[in-house]
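Hi,

Here is the structure I promised to pass on to you. Have a look at it first, and then read on for what I found.

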Amino acid sequence: MTNSIRWARMGAVMLVLAMLAPLPVRAQDGGRFAIRSAYSVLRHGVYYLNANMALMLNQQAADALDSGVPLVLKIQIELSRRRSMLWDPTVATLTQSYRITYHALSRRYIVRSLNSGRQVSYRSWQVALEHLGDISGVPIIDASLLEPDEHYDIHIRALLNVKIIPTGFGLLTSLFYGADQSSDWYQWPLR
Amino acid sequence: MIRRLSPTKILMSIAAVLLLAGLYLLARTSQNSAAFDRLHVWLLLFNAAAALVLLILIAAHLVKLVLQYRRHAPGSRLTARLVGMFVALALLPVALVYYFSVQFLDSGIDSWFDVRVEQALDDAITLSRRTLDVRTQELLARTQSMAEQLSSSPVTQLATTIETLRQQSGASELTLFGRNGRILATSTNQPTLVVPSPPGDEAMLQLRRGLPYVSLDPIGDLGLHIRAVALLPSYMPGVPQRYLQALFPVAGRQGSLAQSVQAAYTRYRELTYLRKPLKYSLILTLSLVLLLGLLAAVWGAFYAARRLVAPIQNLAEGTRAVARGDFTRRLPMPARDEVGFLVSSFNEMTTRLGEAREVARRSQQQVESERAYLEAVLARLSSGVIALDSDLRLRTANSAASDILGLDLGRYLDKPFADALEDPFVAQFLDLFKRHAEAGDRHWREEIAISGATGRRILTCSCTSLPNVRDNAAGYVVVFDDLTTLIQAQRDAAWGEVARRLAHEIKNPLTPIQLAAERLSQRYLERFSGKDAEVFERATYTIVQQVDNMKSMVNAFSEYARTPKLELQPVDINRLITEITELYRGNDQPFDLKLELDPTLPAMNVDSGRIGQILHNLIRNAGEALEGQGDARVVISTRRLRGTTSENAEIAVADNGPGVDAAMLEHVFEPYVTSKPKGTGLGLAIVKKLVEEHGGTIRAENQADGGACVRVLLPINERALVRSLLRVARRQKPAETGGA
């Protein structure tokens, strides 16, 4: 390959990067998404989940919410079968989704469960997230569906997305404001 | 007529359609079209990838063009000029459109977010809140009033009372809660609602403090409500605290206005929040569209320039090919326009040139063929043939001419023949030629004798002028034959015949004469006495002695005439010379014998006996020439002579005697030619005969520092030997015929 062609290719890459350069990507300000504790209990042949999560919006997400942009909180729960040599296959997944919006007239934050449609309002998003972060007695799976000789793990994490229509703006907003948040996966053996 | 599209054009068309579709969808997405929301990222990536591909294509074209420009490839300058022009034409309007579009977008979007509008919305929401606050306080007071009424109501009438109160108060739902949030009684205007909406934690916290709770609460699909919760007065200690929750819908004109203000405020705040992403999204889309358009235009400029220049480039390359002599080049036909006409004319021209060259090539081939045929004929002629132009430059010479003149005439081709003047043969030949040329003889034939170091040679020479061109002789053809050997062979044959007849006619009566003289001496000598006897004895003795001499002479003649078959075998000539000269190395030898032998001389197919006889004769001849000389010396030397046409071995026998008289030099090898007082005069004649039997030549010469030298040339290789022998046989045959 000649030097000229190599320089031309490098120039092309630089041009694409230059096109994206004006987009300011802000660092996340404050906020914390973490699983404080989680455990499962077997009751009447059904495994139930109890968890306590620290959900604190960063400034960007809080601003977005106060600006009327809805936020979507997802609690992702996965059950995987443990294997020694191969990857662990996912046996069951459960996602609890909540849409959080700000009602300017009443100055209240409305939390609507996208799974059940139930809606509750709170005077602050902190209170709302405190309630959402306290999970108690969520059924995960029927024990009869599991192999008795196998070992299973439960994974849980919380995700927050800025829900913007159209999604193209969402991409750019995410690039601009860095409002999306997520916790690490929290894992423990199913007992 | 439908033209079939090439795969490249089909691919280009598909790429262009895809690109246009991508740009259209991207534009639609940027206009908040929900239909293409999910495609937005993919469309961005697709268009960015298309831009990258175009950029790579353009870079490749650009690099290729730069390289072509640097090596001055035909058409590269025109291509560069056209590309530059196209790019400038495309870039200027695109830049203008881009600049003004960005300005318009920036100012246009900013104009949406007017401070006054924002303030108005804030005021509207504040006003709505105030209005609702007043309403809220009224409803809270009403709820407290209903709580007091319920506190005095018996438990059995609670349901009825609540229903009555709800209808009177205008609440959509009225619920009385007991300890731990247990529902004691409820009334609602929605029969489908099974479970009433419980007060939240905030309300409970407020109640625990002993305070009533009221708030605006959007409830699902039911819309905005005012939730008021009030404690029922407790008159008896220990009775659990009860509380009443009332939900009042914000209905009617006030409700719809409140919803409208809420929706407008939320949308405006959302738009304000999305202001920057919106602006950048539109600018990015616009940039991408314009970039793609510009890149497509640049690439199109390259494509169009190459298409325009290609026929001209082909023409330039075709012209170069014609200049190199390649008339087979045919150019592809472009469109049927002026350039197409030019290309067609070029193809026709090269076709005709090619045909003309083919005709010329065939003619030249024919001439070459005839020339080669002529040269083959000339090469096989035994006569020498040379052709000279009017300036006496040598044009043609066959190998026989070189052989006869003993000169490599190939070196003098296209040069003045006078360059070979150092050769005496050529000098004398040219004198004769010029004499005839000056005399104006156009055709002449003459026998000439030319003298040189190797003796006298006789040539028959005939010269003819070539056809005239504008009264000037175009040249001359000279044909000549060397008659020296022929004449010599005739003379040798005559001498051989003489010798044979002498041997036959004279030898026979000699013996009776000798016997008769001896018988006379034996029978009649005793009859004489004194002086007579002495005379008689001397006379018979003289007769016998002279007859002996005559016999010797006749025997020598007989030897000369005899031609036994040669017995050829490989012989090391140097070794043979060494062996023979050993016989002459003794104290009684009157001369000093010295050898100078060439070690590179190979073994040769010769008759060793006859070569030995040659050497004996030559050494003896040299010795006789040195008789009486003080520092007599004989030098025998050999040399390997590599000529242009043959390879020979030279045996030279030189002495430091008085030499040979110049007048005798050319006759020394003829019988009876001798300067010595005794001897038959046949020694050198026999030597010459033996040399010629081996296909060789012999010549005698006087050396510059005194003394004579006899040089014998014998052909080395077998083919040359055979050729020489055949030539000897050919020469002897007509000589014998002539002799007969």
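One definition before the rest: a residue is called buried if 20 or more other C-beta atoms lie within 10 Å of its own, exposed if 12 or fewer do, and partly exposed in between, with C-beta atoms placed from the backbone. As for conventions, residues are numbered from 1 along each chain as its sequence is written, while chains are lettered from A and ligands numbered from 1 in the order in which they are written. Please keep in mind that this is a predicted model, in which local features need pLDDT of at least 70, side-chain atom pairs count only at pLDDT 80 or more, and totals for chains, interfaces and linings use all residues.

Two loop residues in chain A

H44(A) counts as exposed because it has 7 C-beta neighbours inside 10 Å. Its place is the loop between β1 (32–43) and β2 (46–56) of chain A; strands here are DSSP runs of E with at least two residues, helices are runs of H or I with at least four, and both are numbered from the N terminus. The phi of H44(A) is positive, near 55 degrees, and the residue is not a glycine. Most residues other than glycine have a negative phi. R107(A), in the loop between β4 (90–103) and β5 (108–113) of chain A, likewise has a positive phi near 55 degrees without being glycine. With 13 C-beta neighbours inside 10 Å, R107(A) counts as partly exposed.

Sheets in chain A

β1, β2 and β7 of chain A form an open sheet in that order, with antiparallel pairing; two strands pair if DSSP finds at least two bridges between them. β1 and β7 (134–142) stand at the edges with a single partner strand each, so one side of each has no neighbour in the sheet. On average, neighbouring strands of this sheet are turned by 25 degrees against each other, direction ignored (axes are lines fitted to C-alpha atoms, for helices over the stretch in contact, and angles between N-to-C directions run from 0 to 180 degrees). Six bridges link β2(A) and β7(A), and V46(A) has D142(A) as its bridge partner in β7(A).

Strand β8 (residues 152–162) of chain A has a covered face that includes I154(A), and an uncovered one that includes L159(A) and N161(A). Its antiparallel partners are:

- β3 (residues 71–81) of chain A, joined to β8(A) by eleven bridges, with V72(A) opposite N161(A).
- β10 (residues 186–189) of chain A, joined to β8(A) by four bridges, with W188(A) opposite I154(A).
- β9 (residues 181–182) of chain A, joined to β8(A) by two bridges, with S182(A) as the bridge partner of L159(A).

Cores and chain B

Which residues touch the most other members of the largest nonpolar core? They are L65(A), I100(A), V111(A) and L244(B), in a core of 74 residues. Helix α4 (residues 115–151) of chain B gives the most to this core, namely seven residues. Apart from it lies another core of 44 residues, among them V554(B) and M604(B). A nonpolar core is a set of buried Ala, Val, Leu, Ile, Met, Phe, Trp, Tyr and Cys residues joined through C-beta atoms within 7 Å.

Chain B has 18 helices and 19 strands, and 27% of its 740 residues count as buried.

Happy exploring!
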